[in-house]
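Please look at the sequence and the model first; the text then goes through selected parts.

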Amino acid sequence: MPYPAHLGQRPLEVLEAYAALEQFANDYGEEALLLLMHASIPETLRADLLDLIRVNFLSARNADRSLEADVLFAPLTTALGGGFYRVDPQVRWHCMALLHSRYRDDTRPRALRVAELLWCYVDAAEKRAGGAIDPQMAEFLAIQRWVALAFIDPGAAAHAFADALGQFGSGPVAARLQLGGLAAAIEMPLAREQSLLAYARGMNALARGDDDNGRRILGALGNEEIRVGDVVLRPASALLSEAGMASPDTPPMADRPVTPDARQRCVVLIGTGARTALGGGPAFDADFSFALIRAALAGAGFDCERASALAARDRQGEALYAALFAADLVVADLSSPEPGLCFLLGICLALRPAGTAVIVADGSAEAAFTIAPGLHHRYRAVPPGDREAEEGFAALLRSIASGDTLPLARSPLYLDTALAPPQMLDAADAAQVAQAPYAADDGRCLIVRAAAPLTALDSARMAALNTASGIAEACASEAGLQPHRPDLDTTGSASPATLIAGAGLAIFDISEQQPDTLLQLGMRLGLMPGRCIVIAEARTPLPLELADLPLLRYPTPLGTREADDLHSRLFAQIKHLAAGTAVVSPVYVALPRLRPPRTLAAATPHPSRRTLIVRQHGPGNLQYHSVAGERSNDWTVRYQPAVIENLMRQFSSTTDASAAIAWNLAQLILPVELGDTPPGGSEHLLLNHDTAALPWEAILAARGGGTMTPIAITRSLDGQLQATRARSTSRHALLIGNPLTTQTLPDMAEGFPPLEGVWSELQAVSRTLMSAGYAVTVSERENAAEIIGKLFSRDFEIMLVSGNAVHEYPLGNGRTVSGFVLSDGVFLSATEFAQMRKPPRLVFLNGCHAGYQTDPGSGATETGHGVKTSGSTSMVGELLRMGVDCVLAPAWAVSDEGASIWSQRLFEQLANGADLETASLAARVAALERAPNETTWAAYQVWGDPDFRLTQPATAS
């Protein structure tokens, strides 16, 4: 393929550089590529320096001097005049990665050896010149000495660089320009010093008069000093103030105060630099995007760190993989889907069941989404200086961090498969990893390669790719495995996640580094220490994240002798991995105490259970992802919001049965292909806030337009971050009923009258729990002080509150409260639950509208007590976020008798050992049988793991 037309006029994009480097190898051969890889260490080239590199590192290969001309005059190299040449920056980056990968087994890194030669070259050149040296040559030698030092002693180079920045930060413009421009030359060896490099780039931008970029880069660094050893640089904000640009132009959330002890950690997966999307798409500046992400999440209590900075801290990747595993949140921006970025996202989806947010700017290409449909969230591109767009982007990120709107953030591996996530063992228990490795094996050998070429391959390389795939299939068959190629499978018999998790062996050909292929490779290597083989065409450049991965390469063309050699090596590797416990994955090499995921034998989902993920993608647009067994499907349904809002108001305004309304809702918003829940089946819904407001319990139960038949339905908050607080297993229960409500609501100073049936409900539930071995505390008709006193008297595993609830009741000064009405101006809300040292495992909020959430649209809704609300969150969501395992609450009005029956039957079932799904279905059926003309049975929403069970009593000694 031809080189990009703009080569030499602007830096190449990542994929453009891959393609250009591939073309260079095709045009000039392997020897020229090897010389270019070695020549990537110097930032700038001269003919004499290139000759020294060839003589010292390629002479044993009989390389002749014509290779030097191939490198200096190739399209990848730009002549600067005066005998100086520079390789495209992105090509240089890839060449350094290739150099590291090619010689990764050397006892002394090849880059270090080239850097030592470069240091000697500079010394010799300065001695020859004496005191008379050309200014251009002097600058060239100065830069080369910095580059050599950065590779030889990165710590000393960072210290010296920081010292120089400190001396010239307010000095001559020429000095600041030189030091700022130097950052690009030493960026790779000093990759761990991202703040220092950003400081230099920002200083350079200000010196050039590029105020917008200077403000953007330095503004993201905030008010903290930059420290490198004993060198302390002034805060970036001081440089901005000195230039007459104060911090108000810093991204909007940067200065929002956050309580120090509430800080959480976020790892950001994002590319580097500014990219113009292939195919003429919009430009994407990864550095600018990262600055916005960090500023927005700082206001939400998160400290953000870039994955590339973590990767630079140690060669083995321990810092990076440990951070991806333990971070409170991972944000991946795939607006520029670089191969290494997609690989790391796949690892995240293997290590983390939830808490990974994928975002992509509008206009960017769809990439890496086939394997995880619906996982991403699009955002409007943010032009620099557009404060409204910045604030909108920040609002999206804050909602993601809170768990309110994160779309489909559960990893497909933990939706489609019965896996328990990995665990980090204590050092004393590390031996368990070797004793019980994850050993999924369905007898298949999964062979993953690009479904279609990303670039126009020449016929020889395409033939080699196809031949290599055929050899992989043949080797798998000879080893007694069933080869399976998803790129040839049109039946959709199994979801990609199921194949990745279940295959006994996986072979990945990454010659065409398509995002989906790299994503799946990351998922596989995150799941399993071994049983994975990676192959690639000989000249395929590897991302840095894969530089240390064992790789079988094959040449182009792949003739008979070469094909036989690949067959022999691949078959031997298959037998080796199948017979032993070899660790291939870089994740498990870096984290030897990481215990791989486990198959959930005891918690295998009901065979007829279907997981249904529903998200709202803009007004009037619902996206569905259905997983049932090994089958998964995706649908989109469009509707008129006004029609749904009208039906919702009708449905929730009365407790009378509304089968016809539920049927109409089902016809309007359910995919035609979804089908009914089979007899004895169940539904587990993953919903975000926008879709949680819909009455799915009634919609999915509607049958034939005339009746509604209860089915087992449980819910989870999509994207819920895993709570780290320990829940109470105290086998104590607190039952609160009919609390006094006097002197709280201005229009009802005398309070609400007692609810009928609550006392009998408390007595029945109390007897049930005590018979199961629970110690029960009962509060009935007590004031706020008495209830709060009991709430904090000890830890409780179970809490039942039966009373009058409000949602976002206005308190004045713009404040609202959602919760149960108590006496003397007090409400029992999520705030009080959050102060408990250990949250309960199960909370039953048995009050009208206690589980209320905003209807689709923005219209206000009136509660059963005449309170107008326009809520955006519910008490249910707050309890789930703080760590309560299961929350049950009605979303609209319920009858007193129906509420009492629901509560009693639920606890009877749970006390007898039933799981949450079974117990809640029994409660629905009982409520419907007692009151067939009411919708109380459908009003209750059950949030939590359908397989949840109460703590079993300890065996008596």
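In which sense do β34 and strand β37 (residues 886-890) pair, and over how many bridges? The two strands pair in the parallel sense, over three bridges. Strands here are DSSP runs of E of at least two residues, helices are runs of H or I of at least four residues, and both are numbered from the N terminus. Two strands count as paired if DSSP finds at least two bridges between them.

The model is predicted: local features need pLDDT of at least 70, side-chain atom pairs count only at pLDDT 80 or more, and totals for chains, interfaces and linings use all residues. Residues are numbered from 1 along each chain as its sequence is written, and side-chain values use heavy atoms, with hydrogens and water left out.

## The chain as a whole

The chain has 35 helices and 38 strands. Of its 957 residues, 56% are buried. Buried means under 20% relative accessible area, exposed means over 50%, and partly exposed lies in between (1.4 Å probe, protein chains only). The chain exposes about 37,300 Å², and carbon and sulfur atoms supply 51% of that area. Such areas come from the Shrake-Rupley method with a 1.4 Å probe; for residues, only the protein chains shown count as cover. Among contacts in the chain with a separation of 6 or more, 74% are between residues 24 or more positions apart. A contact means heavy atoms within 4.5 Å.

Strand β34 covers residues 842-846, and five of its five residues are buried. In a regular strand the side chains alternate between the two faces of the sheet. In β34, L842, F844 and N846 point one way, while V843 and L845 point the other way. Strand β30 (residues 798-802) runs parallel to β34 and is joined to it by five bridges. On the β37 side, V843 has V887 as its bridge partner.

## An open sheet of five strands

Another part of the chain forms an open sheet with the order β8-β5-β9-β10-β11 and parallel pairing. The edge strands β8 (302-306) and β11 (376-379) each have a single partner strand, so one side of each is left without a neighbour in the sheet. Neighbouring strands of this sheet are turned by 30° against each other on average, direction ignored. The angles are taken between axes, which are lines fitted to C-alpha atoms (for helices over the stretch in contact), and run from 0 to 180 degrees between N-to-C directions. Within the sheet, β9 (residues 329-333) and β10 (residues 356-361) are joined by four bridges. V330 has T356 in β10 as its bridge partner.

## The hairpin of β1 and β2

Strands β1 and β2 run antiparallel and are joined by four bridges. G81 stands opposite F84 in β2. Two residues lie between the strands of this hairpin, and G82 takes a positive phi near 70°. R46 lies over the face of F84, at 5.2 Å from the ring centre. For a charge to sit over a ring, NZ of Lys or CZ of Arg must be within 6 Å of the ring centre and within 35 degrees of the ring normal. R731 is placed over the face of Y774, at 4.1 Å from the ring centre.

## Aromatic pairs

The whole structure holds 12 aromatic pairs. Rings of Phe, Tyr and Trp (its six-membered ring) pair if their centres lie within 6.5 Å; planes under 30 degrees apart count as stacked, over 60 as edge-to-face and the rest as tilted. Two of the pairs are listed below.

| Pair | Centre distance | Plane angle | Type |
|---|---|---|---|
| F73 and Y85 | 6.0 Å | 85° | edge-to-face |
| Y121 and F140 | 6.4 Å | 85° | edge-to-face |

Y121 lies in helix α6 (residues 110-129) and F140 in helix α7 (residues 135-152), so their pair ties together parts that are 19 residues apart in sequence. Y121 is buried at 4% relative accessible area, and F140 is buried at 4% relative accessibility. In the other pair, F73 is exposed at 58% relative accessibility, whereas Y85 is buried at 14%.

## Residue S716

S716 is found in strand β27 (residues 712-717). With a relative accessible area of 18%, S716 is buried. Leaving aside neighbours within four places in sequence, S716 is in contact with H684, L685, L686, L687, W943 and G944.
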